[in-house]
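Dear colleague,

Please find below the structure I am handing over to you, together with its sequence.

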Amino acid sequence: MSDPKPQSGYEPEEAVSTLEGLEAATTGNYNRLISGGYYHYSRHLFYMSEFPGDNVSLSGSTTDPLFYSYTLGHTVDQFSAENLWGLGYEIIHGTNRVIEEVEPGQSARRDQLLGENLFLRAMVHFHLVKIFGRPYSQGRDNPGIPIVRSSEPDENASRNTVGEVYDFIVEDLEQAADLMTEPKSNAYASEEVALAMLSRIHLYREDNQKAIDYADQVINSGRYSLIQDSTQYVTWPTRPPEESPQTIFAIKHTEEDNKGFGSIGSMYYTSSGGLGWGEMYASKDYRELLNQHPQDNRRGFIEPSLDENGNVQERNGYPIYYVKKFTGQSGNVLLSSPVILRLAEMYLNRAEANAKLGNVQQALDDVNTIRERAGLGGDALYTPSDLNGSQDILDVVLEERRLEFAFEGFRAHDLWRNGRSVVRGYPGIHTQVNIAPGVDPSTDPPTQTIPPDHPRVVHFIPEREVELTGMTQNP
């Protein structure tokens, strides 16, 4: 691994030699989540996670590297993959500088800082293994990413297995949860933040009872609550994360951190004043699912672009349906603090795990809790004897996860880790380019199908890292 350059004015030894230095270094590690200018870590993370799924429709070709994540025409020198990899390991390097300097038990404050850095290290390892390694359910022995425990560069780094990376993540998170005792705001790690991530990790590695147990701890902590008012719910992205009772952890962006056209929301929205690229829309498939229940308040996150006659406008023949989950914080059109963990996920993690354990009523109770919060009731709720047309309970849960977490980076991986294909049978540039795999041109419109065992479920390891270290490339 190449040696990341320090981003402070201090020599490394001086920067972490005092409590004040450790606090400053920790703040710097949070800041690295939004550093990188136009192509910052959180932008790559959300685009590369969400764009392979079936909730989005790109309206034309673009020079932005997101094009390859959307079409799944990945390249070994894909700029977004290089950046996410490099920025991710810079964050890991920064956390290791703190972790190496703090012995547990010296003071509550030092334990808290150690726990926060352990969480950040685990979280970034998870992001990277999800994007560059195959789903855990496809085998523990598949190549993952290098586990980096030291701040010393290793130019002979090799890839650990997916199973080893997940085990390492769990170890870090468990230690972090034990160490953190300060009830900090949801822009920082805390005990509940680590517990919430443990629920997700155990769900992804199919330890369903542990996924339930950790979700229970977060739900029962009393720190968070679902937003019940429909008006308030559809405006939670417009408020700073600390003002949202359902947010567990978010990557905080302030007005000073606004990335403008490089923000996550820029590809999803264009304001009347021309702010934002507005080229990625809610897909026809997703809109049809969402519109099955007109009272669903999640429809408020989708905004059609209308002409003076009230007709939906088009770009390159594609209807323009903007997505508003990443816009409007503090009145700034392109500002948001993207949410990594929130309370609804704990309910739906628990629902999925219970579905797989055969606990149908418990799974449906949690799904219905989220649907009721979305303004649904009556026939829109599920019972064991009436799944509203779904084939089985897991279908119900995955559909609700799709509705609830649309555009937040879950959908494609939710399908692939459960052995299901991403099927995009709707208009979009994904069906019109030669580099897009899995396209059947005989259907109308053409359909792109990406099965869970397809090589492009994962991105290529950046070629410069392969050349530097000799690590194995993805096929």
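A crossing of two helices is called left-handed if the near helix is turned anticlockwise from the far one by less than a right angle, and right-handed if it is turned clockwise. With that in mind, please note that the model is a predicted one. Two helix pairs are described here.

In the pair formed by α12 (residues 343-356) and α13 (residues 360-373), the axes lie 8 Å apart and the helices pack at an angle of about 155°. Angles over 145 degrees count as roughly antiparallel, and α12 and α13 are therefore roughly antiparallel to each other. The crossing in which α12 passes α13 is left-handed. On the α12 side, the residues that meet α13 are Ala-344, Tyr-347, Leu-348, Arg-350, Ala-351, Asn-354 and Ala-355. Their partners in α13 are Gln-362, Ala-363, Asp-366, Val-367, Thr-369 and Ile-370. Sorted by class, this contact of α12 with α13 comprises eight nonpolar, three polar and two charged residues.

The other pair consists of α2 (residues 19-31) and α6 (residues 108-132), whose axes come within 10 Å and cross at roughly 25°. Since angles under 35 degrees count as roughly parallel, α2 and α6 are therefore roughly parallel to each other. Here, too, α2 passes α6 in a left-handed crossing. From α2, the contact involves Leu-19, Leu-22, Glu-23, Thr-26, Asn-29 and Tyr-30; from α6, it involves Arg-109, Arg-110, Leu-113, Glu-116, Asn-117 and Leu-120. The residues in the contact of α2 with α6 comprise five nonpolar, three polar and four charged ones.

With kind regards

Key:
Residues are numbered from 1 along each chain as its sequence is written. This is a predicted model: local features need pLDDT of at least 70, side-chain atom pairs count only at pLDDT 80 or more; totals for chains, interfaces and linings use all residues. Side-chain values use heavy atoms; hydrogens and water are left out. Axes are lines fitted to C-alpha atoms, for helices over the stretch in contact, and angles run from 0 to 180 degrees between N-to-C directions. Helices (H or I, at least four residues) and strands (E, at least two) are DSSP runs, numbered from the N terminus. Angles under 35 degrees count as roughly parallel, over 145 as roughly antiparallel, 65 to 115 as roughly perpendicular and the rest as oblique. Contact means heavy atoms within 4.5 Å. Ala, Val, Leu, Ile, Met, Phe, Trp, Tyr, Cys and Pro count as nonpolar, Asp, Glu, Lys and Arg as charged, and the others, Gly among them, as polar.
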